[in-house]
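Please look over the structure shown below, with attention to its annotated segments and to its aromatic side chains. A short report on these topics follows.

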Amino acid sequence: MNPATPPDPPGSGGSADRHDRNDQPRLITAEERAEFERLRRHAAVRHRRLRQAGSSVLLVLALLLAPLAVAAAWIQDTVTDTGRYVQTVAPLAKEPAVQDVVINRLTDRVVANVDVKAVTDSLTKALQDAGAPPRVVQGAESLEGPLRNAVRTVVDRTVTRVITSDVFQQVWEGANRRAQAAVVGMLTGQREGAVRAEGDTVQLDLGEVVDQVRERLVDAGFDKASAIPDTDRTITLFHSEELGKAQDAMRLLDILGTWLPVLTVVLAALAVWTNPAHRVMLMITATGVGVMMVLLLVALAVVRRVYLDSVPPSELPADAAAAIYDTFVRFLRDSTRTLLVVSVITALLAYLYGPGRPARAVRKAADRGTTAAGRGLRRAGVDTGSAGRWLTDHRAWTTGAVIAAAALTLVLWNYPTVGAVALVLGIAVAVVIVLAVLAATAGTAERVSADRVTGSTAEGPADGPAP
């Protein structure tokens, strides 16, 4: 035997580590292999930890931006889209609490311009000049209260008829459509439109409504109604010393309204893609987004309470203030609830594709059900043939395509609601079940005959992917 070849001197080249001088491969020792495996495991662990750390940072950023992205998208849609804005504020014209406020304000202003005392004084003087008995004169003097009540009753009836009619609804929507920039003015501090900021207050301008009521009252015979002043035609919605800061925040959100949602989605997708455990990270991300949506709903409830406490009852009754707030933020609340439902569904699907015992049980039950249905169709003479076998071979791809199509549908759906999510989910589940049944229906003639003879109910794969 040849003596052991001495090791090559260091720096003699890469091949020296694996070959001897006769160009024969040299086997590494057990110690060298162990050291190599240790270094490889160390590098893999380090790389995995770096990916997990980067994924965690991306996830935190995405979760922090999620509520702001929802609010920014709501502001962008509500303020810049005329149709969306009108759709937001239109229900206020039919809110009984808001109608009562408008009716009472307009009735007070009309009655204040009717000088009932002057009428009774003129009547009293005329009776005195005519030599009427003192009792009659005193009776005329006492007519001021009943006459004022009668005037108020007639005016209130006329104003109520206008405010509760379709005319008011049309005037309200038309005014808001023409003044679509009003909310922009309020958020940016500009003094334009029906809703505007004045100092530390936000006011609603009823100018066009006042004009309509004044015209109707004059037509009804109340000539004094033409004297309703053009001033003091606003209702203060609320006071806030922090309005300036809120306007600054709203301007920033308006600017970021287009890109902030996109950035949030990209960060969340990168967090899932970067993490070595994609499924687990998807479940964590969906759960985190759901938690942030719950916090946003809680924040909206807190802001509602603060808003109602800030409105003096003398300026706006609590029920009217609540109706205004609830109407204005209802689309934001709906969007938040929709994202919460989508997050829950995504987290549930990610879990069902995992190795957990409940997930395996659900997959097994679904597979048994679709397999039994497919074999039943085979025994009835239905055979999907090569198409069914293709579906069987590409089951994961077809299921993924259905899920992707459902997600794309929700993305392209304008302002999806919880009902829309439920509809899309139901259709997607139905399609997946149908595809699974069609795949289970595939078989050769010999298999069909055997199934008919033996009534075979053999189980399918126990741990396949969910249909």
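Predicted model: local features only at pLDDT ≥ 70, side-chain atom pairs only at ≥ 80, totals over all residues.

## Annotated segments

## Aromatic pairs

A pair of aromatic rings is described by the distance of the centres and the angle of the planes. A search of the whole structure finds 3 aromatic pairs. One of them is formed by Phe168 and Trp172, whose rings are tilted, with 6.1 Å from centre to centre and 45° between the planes. Because Phe168 and Trp172 are 4 residues apart in helix H7 (residues 166–178), about one helical turn separates them. Both Phe168 and Trp172 are buried.

Another pair consists of Tyr307 and Tyr325, which are stacked, with 5.6 Å from centre to centre and an angle of 25° between the planes. Since Tyr307 belongs to helix H12 (residues 278–310) and Tyr325 to helix H13 (residues 318–352), this pair ties together parts that are 18 residues apart in sequence. Tyr307 counts as buried because its relative accessibility is 10%, and Tyr325, with a relative accessible area of 9%, is buried as well.

## Arginines over ring faces

Arg84 lies over the face of Tyr415, at 3.5 Å from the ring centre. Arg330 lies over the face of Phe331, where the distance to the ring centre is 4.3 Å.

Where in the chain is Tyr415 found? Tyr415 is in the loop between helix H16 (395–412) and helix H17 (418–441), and its relative accessibility of 33% is why it counts as partly exposed.

Most residues other than glycine have a negative phi. Tyr415, although it is not a glycine, has a positive phi of about 55°. In this model, then, the residue with this positive phi is also the one whose ring face lies under Arg84.

Terms used. Residues numbered from 1 in each chain as written. Heavy atoms only, no water. Phe/Tyr/Trp six-rings, centres within 6.5 Å; stacked < 30°, edge-to-face > 60°. Helix = DSSP H or I, 4+ residues; strand = E, 2+ residues; numbered from the N terminus. Buried < 20%, exposed > 50% of the residue type's maximum accessible area, 1.4 Å probe, protein only. Lys NZ or Arg CZ within 6 Å of the ring centre and 35° of its normal.
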